[in-house]
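User: Please take a close look at one part of this model for me. I would like to know where it sits, what it touches, and what the surrounding elements look like.

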Amino acid sequence: MTRPEIQPFTDEHLADAGRLLATRHRRHRAAQPDLSPAFEDAATAKERVEAALAADDASGAVALRGDTVVGFLLGAPKQSKTWGPNLWVESAGQALADDEPAETVRDLYAAAATRWVDEGRTAQYVVVPATDVALLDAWYRLGFGHQQAHALRAPLATDPRIAVGLVVRRAVRDDIPTLARLDVALPQHQGLSPTFSAGEQGSVEEAQEEWEEDFDDPEFTTFVAEHDGRVIGSAVACDLTKSGSNEGLMRPEKAGFLGFAAVLPEARGLGAGRALGETVLAWARDTGYPVVATDWRATNLLSSRTWTALGFVPTFQRLHRTIGY
Ligand SMILES: CC(C)(COP(=O)(O)OP(=O)(O)OC[C@H]1O[C@@H](n2cnc3c(N)ncnc32)[C@H](O)[C@@H]1OP(=O)(O)O)[C@@H](O)C(=O)NCCC(=O)NCCS
């Protein structure tokens, strides 16, 4: 097959990009029907592309065969320092026509990344449908590696499995000092090998102050796990709309969210993670959510194994590349 012609993405490509994104999402939902049907509509998909293009310093490329747009790629930087001198292609930032080879995304990237790197945006992130193996492979062959998984599963149909010696219950105010320690335990773990996350590591004191202020917020449901009468783990459940990183085409119409979970280092591997996770899955069922979301760092050995073991299936993978070395 000949290579398509590559041009810069402009306003005039929005309608075609919306159609391509809707088509991509239809393919995606054939494998993962829990994703929202709304984005199968070209006008709704176009709104997401419009929003991506409206972001400060957004730019990208389109692939043309004759007059037909057969693919697009669109990225923009985030202001947060956490991500370095960054450029993000979010869930609405790329699509190829049904019969267009995934290889074309490499041509699109080559064109778009010229400007991204000229602008100094060398820490690059791209969100890819997890079911599109050929597209993932094309990105791997552009030097990108797997950084984060965004996943869904159905709520629990049975009672949660709670290992012998463990108790899971709703948190009470007296738990706040331990909840604060657990809040810090997550970024501490993710700062270690092999994740090496640069995420902010706040202090236990700061976490405790936040808990004192927010403990009664009805939008969040907190569970704790006890072992031998001592709190050793916690999990926070809420509506998925509370998550800033699970949005756009990742977000089902209605979903619960396992937004946080941690077990103190000395108590890991006893089954508390499963007990807390399954309790959140039962909470989601009782609250009326048809599906539950969570996400994890691919390099976090503990969470990637635990949430996979609990039956979460990735819907989108975030890939990452650092340029210059
Ligand atoms: C992730 C975390 C909450 C899991 O809690 P945990 O109490 O250690 O996990 P569990 O003992 O319940 O194990 C849960 C499942 O993960 C799997 N698992 C755990 N450790 C594993 C290992 N070393 N190898 C393979 N599978 C493993 C097991 O299959 C287990 O499933 P099972 O019940 O079928 O045996 C905990 O390890 C933790 O706090 N990690 C650091 C903070 C963190 O990463 N939080 C999550 C952020 S997304």
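G248 sits in the loop between β10 and β11. The model is a predicted one. Is G248 buried or exposed? Its relative accessible area is 9%, under the 20% cut-off, so G248 counts as buried.

What does G248 touch, leaving aside its neighbours within four places in sequence? The contacts are F39, R48 and S91.

Two packed helices are described by the angle between their axes and the distance between the axes. Here α1 covers residues 14–31 and α2 covers residues 42–54. Their axes come within 7 Å and cross at roughly 120 degrees. The two helices are therefore oblique to each other. The crossing of α1 past α2 is right-handed.

**The strands on either side of the loop**

β10 spans 230–239. The loop between β9 (221–227) and β10 holds D228. Phi of D228 is near 50 degrees, a positive value in a residue other than glycine. Most residues other than glycine have a negative phi, and most peptide bonds are trans. D228 is exposed, with a relative accessible area of 69%.

β11 spans 256–263. It is among the elements that cover the buried residues of α8, together with α7 (272–287) and β12 (292–297). Which residues of α8 are buried? In this helix, residues 301–309, they are S303, S304 and W307. Seen down the axis of α8, these buried residues fall within an arc of 100 degrees, so they line one face of the helix. An α-helix has 3.6 residues a turn, so residues three or four places apart point the same way. R305 and A309 are exposed, and they lie on the face of α8 turned away from its buried side.

**Elsewhere in the model**

Helix α3 (residues 104–118) packs with helix α4 (residues 133–140) at an angle of about 40 degrees, and their axes are 9 Å apart. These helices are therefore oblique to each other. Their crossing is right-handed. V105, R106 and Y109 of α3 make the contact with L135, A138 and W139 of α4. By class, that contact has five nonpolar, no polar and one charged residues.

The loop between α5 (176–191) and α6 (204–214) is also worth a look. P194 is found there. The peptide bond from S193 to P194 is cis, with omega near 0 degrees. F196 lies in this loop too. Phi of F196 is near 55 degrees, a positive value in a residue other than glycine. F196 counts as exposed, at 59% relative accessibility.

Back to the starting point. G248 is buried, and its contacts outside its sequence neighbourhood are F39, R48 and S91.

Definitions and conventions. Residues numbered from 1 in each chain as written. Predicted model: local features only at pLDDT ≥ 70, side-chain atom pairs only at ≥ 80, totals over all residues. Heavy atoms only, no water. Axes fitted to C-alpha atoms, helices over the stretch in contact; angles between N-to-C directions. Helix = DSSP H or I, 4+ residues; strand = E, 2+ residues; numbered from the N terminus. Parallel < 35°, antiparallel > 145°, perpendicular 65-115°, else oblique. Left-handed = near helix turned anticlockwise from the far one by under 90°. Buried < 20%, exposed > 50% of the residue type's maximum accessible area, 1.4 Å probe, protein only. Arc of directions from axis to C-beta. Contact = heavy atoms within 4.5 Å. Nonpolar A, V, L, I, M, F, W, Y, C, P; charged D, E, K, R; others polar.
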